[in-house]
Amino acid sequence: TKKFGKLAFIVKCTAHLMRDFGSIPSPFNAFLLNLGLESLHVRIRRHAESALKIAKWLKAQKKIAWVNFAGLPDSPYRKLVKKQIKGGIPCGVMTFGVKGGRDASIKFMDSLKLIGIVTHVADAWSCVLHPASHTHRQLTDEQLVAAGIPPDLIRLSVGLEDPTDLIADLKQALAKV
């Protein structure tokens, strides 16, 4: 308060948040963020529509053990989605399991050519993550199950690519399992 007077609190908040959390973007990053927000409503619709097509396709595959996507008609979350989301398609993120467990899931992911293996979601390009071999690799299958993560779980975040191309990539990777 001696150095900044009435501005002491805001200086403390700004310096603390910026240093510790990175919550204040540079002017160029703020510009890019704003630019992305301007088309968000169009992109989210594309993510969701493509994800529904892919979830339906995955559900029909013999090598897929299960599919969890709130936009599917048999999802336990379907009523909630219809109530809360205009259009009834939730988002572009789903989870599914490859028959054969952890090893089959790893082989499947290693066989993908178009879809990237990364930890983030809701990007312009599609990406997958297999927690059992990435973010939670230190856990045994029993520990994963206890944490609510099936060892075969793969998270797919559908991007803006044509869903036909994404299905082709998933199909060729499944063929190698």
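**Entry 1**

I began with L32, which counts as partly exposed because its relative accessibility is 38%; buried is under 20% relative accessible area, exposed over 50%, and partly exposed in between (1.4 Å probe, protein chains only). The model is a predicted one: I read local features at pLDDT of at least 70 and side-chain atom pairs at pLDDT 80 or more, while totals for chains, interfaces and linings use all residues. Residues are numbered from 1 along each chain as its sequence is written, and side-chain values use heavy atoms, with hydrogens and water left out.

I placed L32 in helix 2 (residues 27-38). Helices (H or I, at least four residues) and strands (E, at least two) are DSSP runs, numbered from the N terminus.

**Entry 1: helix 3**

I looked up S50 next. S50 sits in helix 3 (residues 40-59). S50 is buried, at 2% relative accessible area. Beyond its neighbours within four places in sequence, S50 touches V158, E161 and P163 (contact: heavy atoms within 4.5 Å).

Which residues of helix 3 are buried? I listed H47, A48, S50, A51, L52, I54, A55, W57 and L58. These buried residues pack against strand 1 (64-68), strand 2 (93-98), strand 5 (153-157) and helix 7 (163-175).

I also checked the length of helix 3. Its 20 residues should span 28 Å at 1.5 Å a residue, and the end C-alpha atoms are 28 Å apart, so the two agree. The expected span is 1.5 Å times one less than the number of residues.

**Entry 2: salt bridges**

How many salt bridges does a search of the whole structure find? It finds 2. The criterion is a side-chain nitrogen of Lys or Arg within 4 Å of a carboxyl oxygen of Asp or Glu.

D74 pairs with K59, the closest N and O atoms being 3.0 Å apart. This pair links distant parts of the chain, 15 residues apart: D74 is in the loop between strand 1 and helix 4 (78-84), K59 in helix 3. K59 is partly exposed, with a relative accessible area of 42%.

R102 and D141 form a salt bridge at 2.7 Å, N to O. R102 lies in helix 5 (residues 101-111) and D141 in helix 6 (residues 141-146), 39 residues apart. I noted D141 as partly exposed, at 31% relative accessibility.
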